[in-house]
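Work through the exercises below with the structure open beside you. Try each task before you read its solution.

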Amino acid sequence: MPDLYAYTDGACSGNPGPGGWGVLLFAKDGDTVIKERELKGGAEHTTNNQMELMAAITALEILEKPSAITVVTDSSYVKDGITSWIFGWKKNGWKNASKKPVKNAELWQRLDEATKRHNVTWEWIKGHAGHAENERADELARAGMEPFKS
């Protein structure tokens, strides 16, 4: 069974402003990439965090069948949110520690639903640090933003 990876990234021009998300999805058998797919999209008025979430959501929702996948993000917001903070948010009725509504709750709920179908391992890497796959996800995110820039 090949190993499945999704490198995800979001970008925004202004925050909020026009934004994009990108996903580099690939399957590896050992060190050999056997299948690769690039995804991108964007929105006219969004935030960087929303685009980071959309990249992760899309990476998981695009998979046709339940899969074991490693999602690699340079967003500690996404990684910490889905692996730690979300449990308290759900327990507290989607309120944060300050009893205020969780920002981007609808996206967090969608990501939570998307993860249920899969066996997901979340990894954080430093962005803009020379990781080729992360750099490609960043390029895709910027390309996804282009149609929304004026």
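**Exercise 1.** Find the distance between the closest N and O atoms in the salt bridge of Lys149 with Glu146, then classify the accessibility of each residue.

*Solution.* Step 1: apply the rule. A salt bridge needs a side-chain nitrogen of Lys or Arg within 4 Å of a carboxyl oxygen of Asp or Glu. Step 2: read the distance. The closest N and O atoms of Lys149 and Glu146 are 3.6 Å apart, and the two residues form a salt bridge. Step 3: classify the residues. Buried means under 20% relative accessible area, exposed means over 50%, and partly exposed lies in between (1.4 Å probe, protein chains only). Lys149 is at 38%, so it counts as partly exposed. Glu146 is at 46%, so it counts as partly exposed too.

Before going on, note the ground rules. This is a predicted model, where local features need pLDDT of at least 70, side-chain atom pairs count only at pLDDT 80 or more, and totals for chains, interfaces and linings use all residues. Residues are numbered from 1 along each chain as its sequence is written, and side-chain values use heavy atoms, with hydrogens and water left out.

**Exercise 2.** Which parts of the chain does the salt bridge of Arg136 and Glu38 tie together?

*Solution.* Step 1: check the pair. The side chains of Arg136 and Glu38 meet in a salt bridge at 2.8 Å, N to O. Arg136 lies in helix α4 (residues 132–145) and Glu38 in strand β3 (residues 32–46), so the bridge ties together parts that are 98 residues apart in sequence. Helices (H or I, at least four residues) and strands (E, at least two) are DSSP runs, numbered from the N terminus. Arg136 is partly exposed at 28%, and Glu38 is partly exposed at 37%.

**Exercise 3.** Is Asp112 buried or exposed, and where does its partner Lys90 lie?

*Solution.* Step 1: find the bridge. The side chains of Asp112 and Lys90 meet in a salt bridge at 3.0 Å, N to O. Asp112 is in helix α3 (residues 105–116) and Lys90 in helix α2 (residues 76–91), 22 residues apart. Step 3: classify. Asp112 has a relative accessible area of 11%, so it is buried. Lys90, at 36%, counts as partly exposed.

**Exercise 4.** Which residues does Thr70 touch, not counting residues up to four places away in sequence?

*Solution.* Step 1: locate Thr70 in strand β4 (residues 68–73). Step 2: list its contacts (heavy atoms within 4.5 Å). With that sequence limit, Thr70 touches Leu4, Tyr5, Ala6, Thr121 and Glu123. Step 3: classify Thr70. At 13% relative accessible area, Thr70 is buried.
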